[in-house]
Amino acid sequence: MLIPARNEESTLPRLLSCLARQSLMPLEVIVIDDHSTDLTTAIASEPWSDLTVTVCAAPSLPQGWCGKTWALHNGVLASRGELLMFLDADTEPTPDFLQCLVAAHQQLGGLVSVQPYHRTEKPYEQLSLLFNLVGLMAVPLGAACGVAFGPAMVTSRADYDRSGGHEAVAGKVVEDWFLAHAYERAALPVSAFLGHGQIAYRMYPGGLRDMVVGFNKNFATAAGEVRWIWMLAVVLWLSGLFWAAWCLPASLLGWPLVGDHSILSNALVYGAYVIQLLVITRSIGRFTWINLLFPIPVLFFLGVFVQAIVKLESGEVLWKGRLFSTR
């Protein structure tokens with residue numbers, strides 16, 4: 001079990017407590033400290049029930065590497081197991097998660113990953129509705145889908161070495177996308193699933209600014225990797241959502257509107273999208289009242305998307321105190 005950690009003093013205790021209650025206990029748990037400036041190392045070094053945790057300090061970050069890829073690369077070098085599991089420090093697996101993940105890998109082979117359920121707490125976190133939804137709508141899921149989610153992955157050491165591992169994606173900020181490509185180039189299957197009911201995480205608990213920067217990073221580095229046919233379908237769906245977000249307020253307030261000005265018909269369309277959002281987001285994250293006010297996350301989504309385009313043009317993105325290239 002390999003856990004990259006950079007300033008994760010607030011999230012690491014929850015993960016290690018979850019790992020100590022697993023029905024299938026890992027052979028070893030290695031926390032790779034990515035030059036943290038908080039109590040990450042001290043927390044990882046504490047006793048955690050029957051769980052034995054080894055803390056490995058990542059060497060100085062060399063040119064051409066990102067912090068997470070460098071940490072995981074060194075974690076693999078320090079590990080002994082033939083089955084490599086990668087978990088982000090902010091994940092919260094249920095007691096049977098590792099057992100289910102290993103069983104899936106035994107059946108599918110290659111690289112198997114799981115996208116955690118997004119556990120929201122504060123109101124600003126509800127604004128991430130469309131980012132979570134669009135990010136999953138834009139890619140296929142299931143066995144041999146060719147997509148990987150970095151927060152929770154498993155692979156054999158043999159397949160990892162055959163693909164080139166994290167060394168093959170050393171400079172990639174969104175390393176999971178490109179690691180999936182590396183596995184496919186090595187003719188290895190890549191499978192991905194949703195983790196609702198098995199693993200969760202709370203994205204960007206540090207505040208609205210962290211959330212904006214995080215989504216900027218993901219957009220700027222991964223948007224070009226989405227298959228065009230999937231992106232076209234998502235754009236068409238978003239067009240309808242944006243239209244519905246405008247039409248009801250426009251019909252109520254007398255704003256410019258092309259088409260039917262009837263408040264009733266526009267309210268029915270609006271309500272249909274609300275119901276659709278409520279249904280399709282249930283397995284993705286804890287999104288409640290924001291579905292009723294979806295024009296708000298629509299505006300937020302558009303604003304962050306424009307920022308991401310600017311970041312893409314500038315060729316740089318700031319993440320966790322480090323400046324990385326998006327090219």
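Guide: Welcome! Let us start with T11, which counts as buried because its relative accessibility is 15%, and buried means under 20%. Keep in mind that this is a predicted model.

Visitor: Where does T11 lie?

Guide: T11 sits in the loop between β1 (2–5) and α1 (12–19).

Visitor: Which side chain makes a polar contact with the side chain of T11?

Guide: That partner is E8, and the distance is 2.6 Å. Leaving aside residues up to four places away in sequence, T11 also touches A89 and D90.

Visitor: How should I read salt bridges?

Guide: Here is the general idea: side chains of opposite charge can pair when their charged atoms come close. In this structure, a search of the whole model finds eight salt bridges. One of the pairs is E28 with R80, whose closest N and O atoms are 3.5 Å apart. This pair links distant parts of the chain, 52 residues apart: E28 is in the loop between α1 and β2 (29–33), and R80 is in the loop between α3 (67–78) and β4 (83–87).

Visitor: Are E28 and R80 buried or exposed?

Guide: E28 counts as buried, at 11% relative accessibility, whereas R80 is exposed, with a relative accessible area of 57%.

Visitor: Which residue meets D88 in a salt bridge?

Guide: K68 does, with 2.9 Å from N to O. D88 is buried, its relative accessible area being 16%, while K68 counts as partly exposed at 23%.

Visitor: Which residues are linked in a network of salt bridges?

Guide: The network joins R14, E92, R119, E121, E125 and R202. Within this group, the side chains of R119 and E121 meet at 2.3 Å, N to O. R119 counts as buried, with 13% relative accessibility, and E121 is partly exposed, with a relative accessible area of 46%.

Visitor: Now to the cysteines. What is a disulfide?

Guide: A disulfide is a covalent bond between the sulfur atoms of two cysteines. To count one here, the two sulfur atoms must be within 2.5 Å.

Visitor: How many disulfides does the count come to?

Guide: By this rule, zero. C18 is in no disulfide, as the nearest cysteine sulfur, that of C100, is 14 Å away.

Visitor: Let us turn to the backbone. Which residue has a positive phi of about 60 degrees although it is not a glycine?

Guide: That is A187. Its place is the loop between α7 (175–185) and β9 (190–194), and A187 is exposed, with a relative accessible area of 63%. Y204 is another residue other than glycine with a positive value, its phi being near 55 degrees. Y204 lies in the loop between β10 (199–201) and α8 (208–222) and counts as buried, at 13% relative accessibility.

Visitor: Which residues make the nonpolar surface patch?

Guide: W246, L252, L253, W255 and I263 make a patch of about 520 Å². Helix α9 (residues 228–253) gives the largest share, three residues. I263 is found in helix α10 (residues 263–280) and is partly exposed, with a relative accessible area of 42%.

Visitor: One last stop: is S128 buried or exposed?

Guide: S128 counts as buried, at 0% relative accessibility. You can find S128 in the loop between β7 (117–118) and α5 (129–137).

Visitor: Which residues does S128 touch, not counting those up to four places away in sequence?

Guide: S128 touches H118, M211, F215 and F287.

Methods:
Residues numbered from 1 in each chain as written. Predicted model: local features only at pLDDT ≥ 70, side-chain atom pairs only at ≥ 80, totals over all residues. Heavy atoms only, no water. Helix = DSSP H or I, 4+ residues; strand = E, 2+ residues; numbered from the N terminus. Buried < 20%, exposed > 50% of the residue type's maximum accessible area, 1.4 Å probe, protein only. Polar contact = N/O pair within 3.5 Å; in protein donor to acceptor, adjacent residues only side chain to side chain. Contact = heavy atoms within 4.5 Å. Patch = residues over 30% accessible without salt bridge, like charges linked within 9 Å, V, L, I, M, F, W, Y side chains within 5 Å. Areas by Shrake-Rupley, 256 points an atom, 1.4 Å probe, with all protein chains shown as cover. Salt bridge = Lys/Arg side-chain N within 4 Å of Asp/Glu carboxyl O.
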